[in-house]
Amino acid sequence: MTSRVRLTGITKRFGPVLANDDVDLDLLSGEVHAVVGENGAGKSTLMSVLYGSVHPDAGQIAANGVPVRFTSPGDAIAAGIGMVHQHFQLFESFSVTDNVIYGAEPSRRGVIDRASARDRVAALIEEYGSTLDPSAAVRTLPMGLRQQVEILKALYRHADVLILDEPTAVLTPAETGLLFTSLRRLAERGVAIVLVTHKLDEVMQVSDRVTVLRQGRVVETVPTADTTPAALAHAMTGRDIETAVNDAPASPGAAVLTVTDLRIPAEGTRAAIACDHLRVRAGEIVGIAGVAGNGQAEFVQAVVGLRPASGSVTINDVDVSRADVRRRRRAGMAYVPEDRAAVGSARALSISDNLAVGRFRGWLKPSALRRHAADLMERNDVRGAGPEARMSSLSGGNAQKVVLARELSQRAPLLVAENPTQGVDVGAIEYIHRELLAYRAAGNGVLLVSNELSELIALADRVHVLVGGRFVASFERAQLSEGRLGEAMTNAGAGAGTAALTPPEGD
Ligand SMILES: Nc1ncnc2c1ncn2[C@@H]1O[C@H](COP(=O)(O)OP(=O)(O)OP(=O)(O)O)[C@@H](O)[C@H]1O
């Protein structure tokens, strides 16, 4: 295999942080190359350098052996480099075709040549082996197909280097399988694929080689066949990672959350959401499993007070059915939202301010706030420039740790945690899982919504499965397995009508 793009000696500093330190990365035509590392190790920075959106302080890029300089993503795209962002950049109301061609429409005598655009997109869809309907509006598509639109956008622009940033975070297991088959096919046709991910089992499954970054430096680049997930985790963190498991007997106390007859009407393409009864008791972790987009986000919003719903919600014996988030928090709720950038944090404020939100009342000395922040950052291993750095300067995983640290430190009787380990590294997952188990052991209750079945199986005392807005099945801890949960999640059509009621547990 020949070198398609070679990065040599890439160095990038953000103030005091050395995000990339003399990094070499050689991407070969026809390989899937995984890039792994802890949160803040410099993966996104390196990819941004490759995509022309970050300018390195030092280092060179060569494309097909020829030195190039990227001053913008436009230059990188012109050099055949495509990026599939973690958060899709699509127009919801546009069709698949219009999204793919947007900004690169073929024209004939100054007029958009729709016929040739349609033909090319149809040919690409076929070549990619996709089932996409080119005229479908993107808003009607599930995540896996939206992602295909993003990939087709890059291929339409003739990309033969494809960067994918955490591409499976929002996919179902089946969609992930399809994506990997497609990636392997693209690689066989000579495309160089870079996969940035925290999921080491996926690295093992799909990649040919893997580069490990640690604190801005390359630790190693190895053939995937010559390594193991444990060895990669050790290379990333410098220590052995142990998985935390809920093995302490449950001794649940009083209910800290009771949801009864909750209803959210259907909206647009989203089905109505119904929950007849769900309860979280002190000292237990109750999981909600389901594929993203099946109503989990809306259900959580209704529980925490961000979305109106009929029915009743009680937190710690206080009826909060009509209360806003603030009053629910006062009743004893902490909340780790999935979208920590938009909902969980104020990106323009400092880390210190973000850690203090909702924690203190009255007047506080800035020095005390800073000490509190420095302490929480240290205990939670938040890697950034310091308490006064802006939240927006943190890497994704470190931003998540800040939100989690703040919410856990409230020691509220009820914690609602929505995909708390999405985008965080193996070491942080271990840490967050231990913290959630400690929260349970301290006699608090956790409602854990997660797309990761392994997370629910490791931690939850009971799991409810949500499909198409309805709770279709419930499993006690002893019954939990990937097979059972996966089956309940995919048998939506069969199960939804018959088992829509969540049985009241022990009532
Ligand atoms: N625009 C920026 N301003 C200041 N610091 C930054 C900026 N971008 C990145 N950093 C810092 O550079 C370091 C590397 O960040 P980067 O986002 O590349 O890490 P990452 O490996 O992608 O992490 P994650 O897995 O959490 O996404 C981090 O310490 C981060 O705080």
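How many residues of domain 1 are in contact with domain 2, and how many of domain 2 with domain 1? Before you select anything, know that this is a predicted model, where local features need pLDDT of at least 70, side-chain atom pairs count only at pLDDT 80 or more, and totals for chains, interfaces and linings use all residues. Residues are numbered from 1 along each chain as its sequence is written.

**Stop 1: the two domains**

Colour 3-237 as domain 1 and 255-345 + 411-498 as domain 2; these bounds come from an automatic or database domain assignment. Taken over C-alpha atoms, their centres are 32 Å apart. And the count you were asked for: 16 residues of domain 1 are in contact with 12 residues of domain 2, contact meaning that C-beta atoms, placed from the backbone, lie within 7 Å. Now select helix α8 (residues 229-237), which gives the most to the domain 1 side, with three residues. That side of domain 1 divides into eight nonpolar, five polar and three charged residues. (Ala, Val, Leu, Ile, Met, Phe, Trp, Tyr, Cys and Pro count as nonpolar, Asp, Glu, Lys and Arg as charged, and the others, Gly among them, as polar.)

**Stop 2: the ligand**

Show the shell around the ligand: 19 residues surround it, and the closest are F14, N39, S44, S395 and G397. The elements giving two or more residues here are β2 (17-28), α1 (43-50) and α14 (396-409). The shell holds five nonpolar, 12 polar and two charged residues.

**Stop 3: helix α4**

Go to residues 114-128 and pick out A117, V121 and I125, the buried residues of α4. Buried means 20 or more other C-beta atoms within 10 Å of a residue's own, exposed means 12 or fewer, and partly exposed is in between, with C-beta atoms placed from the backbone. Seen down the axis, the buried residues fall within an arc of 65 degrees, so they line one face of the helix. They pack against α3 (96-101) and α5 (143-156).

**Stop 4**

Then click S130, in the loop between α4 and α5. S130 is partly exposed, with 19 other C-beta atoms within 10 Å. Leaving out residues up to four places away in sequence, S130 touches I125 and Q148.

Technical notes: Helix = DSSP H or I, 4+ residues; strand = E, 2+ residues; numbered from the N terminus. Arc of directions from axis to C-beta. Contact = placed C-beta atoms within 7 Å. Near = placed C-beta within 6 Å.
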